[in-house]
Amino acid sequence: MTDTETKKSISFEDFRAEVLQDYKIAITSRECSLLGRREVLTGKAKFGIFGDGKEVPQLAMAKAFKNGDFRSGYYRDQTFMMAIGQLNIQQFFAGLYGHSDLDHDPMSAGRQMGGHFATHSLDENGNWKNLTQQKNSSADISPTAGQMPRLLGLAQASKIYRNVIGVENNSNFSVNGNEIAWGTIGNASTSEGLFFETINAAGVLQVPMVISVWDDEYGISVHARYQTTKENISEILKGFQRDENAKGYEIITVKGWDYPELVSAYERAAEIARTEHVPVLMHINQLTQPQGHSTSGSHERYKDADRLAWESEYDCVAQMKKWMLENEISTVEELNAIDEQAKKDVLEGKKAAWSAYVTPIKEEQKELVALLNTVASQSPNKVFIDKYVTEVAAIKEPIRKDLLVTARKILRLIIKENGKNSLSQWITAYTEKIQPKFSSHLFSQSDENVFTVKEVLPEYADDADDADGRMVIRNNFDAIFSKHPEVLIFGEDCGNIGDVNQGLEGMQEKYGDFRVCDAGIREATILGQGIGMAMRGLRPIAEIQYLDYLLYAIQIMSDDLATLQYRTAGRQKAPLIIRTRGHRLEGIWHSGSPMGMIINAIRGIHVLVPRNMTKAAGFYNTLLETDEPALVIECLNGYRLKEKMPTNLGEFKTPIGVVETIKEGKDITLVSYGSTLRVVEQAAKELLEIGIDAEIIDIQSLLPFDINHDIVKSIAKTNRLLVIDEDVPGGASAYILQQIVDVQNGYKHLDSKPETLTAKAHRPSYGTDGDYFSKPSSEDIFEKVYAIMNEAKPNEYPELY
C-alpha cells in the first residue's frame, strides 16, 4: 500500500474542523502578507514579495504532500509552507528582516530575502537527516524558472530508488520511490526556456513530478498576451497529454478560488504521480495578486478598474469564505472571530520577530557606546569622538553596519593614542564574531569536506603496459560503479556508445540504463537532474559533453548548485560531480576555454583541471568520499595518449587543492594546467638547451587553489613567474596571478615582473593553423620566457627580435 490509500470516511464535524483549520492558515498567511508590506514601507525590512492571492490552492497542494516528498518552488509559497508546518509567523517576519540566526530564520539565516523557503536536510554537523520522515522543501532561488531543472532531479531520484538494485532500501531517502517532487511556478515564468526544457525532459523520463502553475494573468506588469501563446499554458501543452498510445503528462486545469475542486484535483494528481510515476501539470488559473508583484510597485498602475473589481470578488480567500457560508460549514461570526484572532497572532508574531532581531544588536550598541565613552575620556579628540558616540547611541533601531562604521571612523582619530588598542581589539573581535553569519558554508564545513581526504597514489604492476588514457578512465568508472551502487552517470551519448570518447564503453550493458544512461541535448536539465538527485542522497555524475556546452547550464550551476550550502547556512547539500572535457580543441565552438568566466561564476563548486586521465580518475575517487560538488574537466586530447594502467582502480585519490611540480628548475617558475602543460613541457625542454632551467607546476585544482602555497615556495627559489593559460587575456590567468601575488605574497620574491601568456581575445579559428595563431604555442612560451630572461640578463640572453 502507498501513502495514497483512500481515506476513511470522516464525520461532518471532523471535516468542518479541517476546513476551518485551512481557513485559519489562509487568513493568517494573508495577514502576514499585508503586515509584511507595511514593514517594508516603514523601512524595517528592505524588500517584500508575498504569496497573497495564492493561499487556497496551496492549502490543497499541502493536503496531498506527504512525508518524504520534496517541493521545488518559488517565492509565493508561504501558505504552503505554513500548511505543512514548516513556517510560522515569527519565522516569516524573521526572514523579512533578514535575521542572521538560523534558529530564528531557519530558511536561510537571513541570506535570502523573505519568501524563499527551505527545510533542513542536514543536521548541525552536515549529516543527512531521515528525509522520509519529514516534509521537504529544496531551497528556493529567485531567478525565474531556475527551480525547474532541480525539480526534475528531485523527481528522478524516486525513479532511481524504485528501480535500481542496491539503493532501493536506503531508508533515509526513499520508501520504494513513492515520493513526489512538487514544483510551483508563476504563469509568466513559463515563458522561460528552463520551463520548457524541464517539461519535455520530465515527459521523456516519466518521473513523479507535479508542477503547479499559479496563473494570475500577469508577470509583474506584463499581461499574459505578451507571455504565452493563446494566453494559456495548459492549452499550448495539450500535445503532452498522455493517452492509450503514448506516454506523456496528465494535465489538470482548475480555478484557483474553488477550494473543493482544488482539493479533489490535487488528490487525483498525487495518486497518478505517486503510484504510476507519471508527471502531472496543474494549471491553476483565475488567481489574483492583491498587493501586486512586490513592494517595489503598485498593481493599480497597470490593472484597469474592471480587473481590480474582478480580483476583489474572486480573491481566493474571499471565495473560500463565501463557500463555507453557503454550505453552512461556518457562520459569519465564527469566521470573523478567526479573522480577528489572526490579526492579533500576526501582530504578536511580528513584534516577537523584531524584538529577537534587534535586541542583540542593541546590546552590542550599548557595549560599543560604553567603550567609546572610555576612549573619548582619554583622547584629545574627545569633542569629535563624542559627536560620533552621540549619533550612534541615538539610533533606536541600529544595524551592525552602524556600529562598525562608527567604530572604524573613530579608530582613525586615535591611531596614535593609548585608547587605540582597546578599540582595535573590539573591532577585530566583533568582526570575527559577526562575519561568519554572512560568509560561512560557501563550501562544506562537515567532516566530509574535500580536505579530509588523503592522497592515495596509483599503484602499478612491474610489467604494466601502456594503455590509452580512455581505458584508465573507463576501468576506473567500472570500479566506481561496482563499489558505489548510489553512483550513476548520464548525459549526451553516455549510454549506448559509452560516451563520445569511449570513457564509458560497456558500462551501460554491465550496470543498466538507469545508472549509465543517455540524455537529450539539454544541458541545463542534465545539471538539474544531478542537483535534484544529489539532494536526495544519490551520487550522480552529470556529463556535459564539451566544456563550451557548459554555458547552457552555467546559470543553474551559478545560482543554484554553487549557492546551495551557503544559502541554507549548511542545512542542504548536493554533492554533484559534473564531468566534461575540453582544452586545445579546434574551431570556434569546440575550443573555448572560458575558465575565467566559469571560476568566477561558480564559487561554491570545486573546479578541477587534471592533466591526464589517471589524475582525472583520482579526482572522481576523491570526490566520492566527500560531500561537495565539483566540476572535473578532462583533457579531450588525452584519451588516446598512453598511460600506465593502475592496479588500485577506484582506490587511488588525487588530492584537491594541491599543486604538483612536474619538473624542477632554478631560473623561472612556469604555472599552468590541463592540456597546455604538454606544450609547456616541450618549451621547457627547448629552453634547457640554451641554459634556461624552468620549473613547471601543474595547478591541478583552480578552486580551491594551492592550499599549501607551494607555488610561492617555487618563486622564492626562481624569483620569476610566468602563468600560461589558454583562456582569454585577463581570464583565468588574472585569477591565478591574484592568488599567487596577492594571497601568497609572491611579489616579495620576484626579481622580474610576473607575466601571463594567454590565448588571443578572439575565439580560435578552425584547423591546426587556427589553433597555432590563437592559443599559446611552445614557441610563444619559449620566447616569452626568453624575453623575461633577456631583461634580467641581457648579455647572456640578447634580444631575439
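**Salt bridges in the predicted model**

Asp 693 counts as buried, at 18% relative accessibility; buried means under 20% relative accessible area, exposed over 50% and partly exposed in between (1.4 Å probe, protein chains only). The model is predicted: local features need pLDDT of at least 70, side-chain atom pairs count only at pLDDT 80 or more, and totals for chains, interfaces and linings use all residues. Residues are numbered from 1 along each chain as its sequence is written, and side-chain values use heavy atoms, with hydrogens and water left out.

Asp 693 forms a salt bridge (a side-chain nitrogen of Lys or Arg within 4 Å of a carboxyl oxygen of Asp or Glu) with Lys 663; their closest N and O atoms are 2.7 Å apart. This pair links distant parts of the chain. Asp 693 lies in the loop between helix 23 (676-688) and strand 19 (694-698). Lys 663 sits in strand 17 (residues 660-663), 30 residues apart from Asp 693. Helices (H or I, at least four residues) and strands (E, at least two) are DSSP runs, numbered from the N terminus.

The structure holds 51 salt bridges. One of them joins the side chains of Arg 150 and Asp 560, at 2.9 Å from N to O. Arg 150 belongs to helix 5 (residues 147-163) and Asp 560 to helix 19 (residues 554-561), 410 residues apart. Arg 150 is buried, at 0% relative accessibility. Asp 560 is also buried, with a relative accessible area of 0%.

A network of salt bridges links Asp 499, Glu 543, Arg 579, Arg 581 and Glu 634.
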